[in-house]
Amino acid sequence: MSSLLSVTADLLVAILLVATIVSSLRLSRRISGLKADEAAMRATIAELLGATERAERAVGGLRAALADCDRDLAERMDMAHRQTQELTRATAAGEKVMGSLERVFDSTRRALNAQTSVRPVPVAEEPPAGSGLDAALAAAQALAERSARRIESRAA
């Protein structure tokens, strides 16, 4: 009996030893897989760090470009504001000249009407081509010439 007990114990030890070897092989394969995954993770982390550095440099470049664009836009806005002010002043000056010309035309018409008992001098139907001031100047010259001819013809 003791030999039967001894063989059974040896057989049990052998089965446990085989189970331990199989378990060790599986564990070894898992550890190898984890080491391969660790290498892949390290490579991925290195790529992420490189991409992060490139992104930080790109963000710095974008900030510099944004600052340049902001300065350029501010300069253009200032220039547009100055040009708007200049146009406003020029428009006001043009309106003032037009008002003066209207007063001159009105006084000339009244003077002509007072000297002659003829109907008022008609104003040109269509203004000459060109800008508003050029048209007003041309109309004023034409009116002055017609008025001078009428005065000369009446005096003669």
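In which helix is the place of Val97? Val97 sits in helix α1. Helices here are DSSP runs of H or I with at least four residues, strands are E runs of at least two, and both are numbered from the N terminus. This is a predicted model, where local features need pLDDT of at least 70, side-chain atom pairs count only at pLDDT 80 or more, and totals for chains, interfaces and linings use all residues. Residues are numbered from 1 along each chain as its sequence is written, and side-chain values use heavy atoms, without hydrogens and water.

The chain has two helices and zero strands. Helix α1 covers residues 2–115, which is 114 residues. The expected span is 1.5 Å times one less than the number of residues.

Now the burial. Buried means under 20% relative accessible area, exposed means over 50%, and partly exposed is in between (1.4 Å probe, protein chains only). Of the 156 residues in the chain, 8% are buried. In α1, the buried residues include Gly50, Gly94 and Phe105. Val97 counts as partly exposed because its relative accessibility is 42%. Leu17, also in helix α1, is exposed, at 52%.

Next, contacts along the chain. A contact means heavy atoms within 4.5 Å. Among contacts with a separation of 6 or more, 63% join residues 24 or more positions apart. Val97 and Leu137 are 40 residues apart along the chain, and their C-alpha atoms are separated by 9.9 Å.
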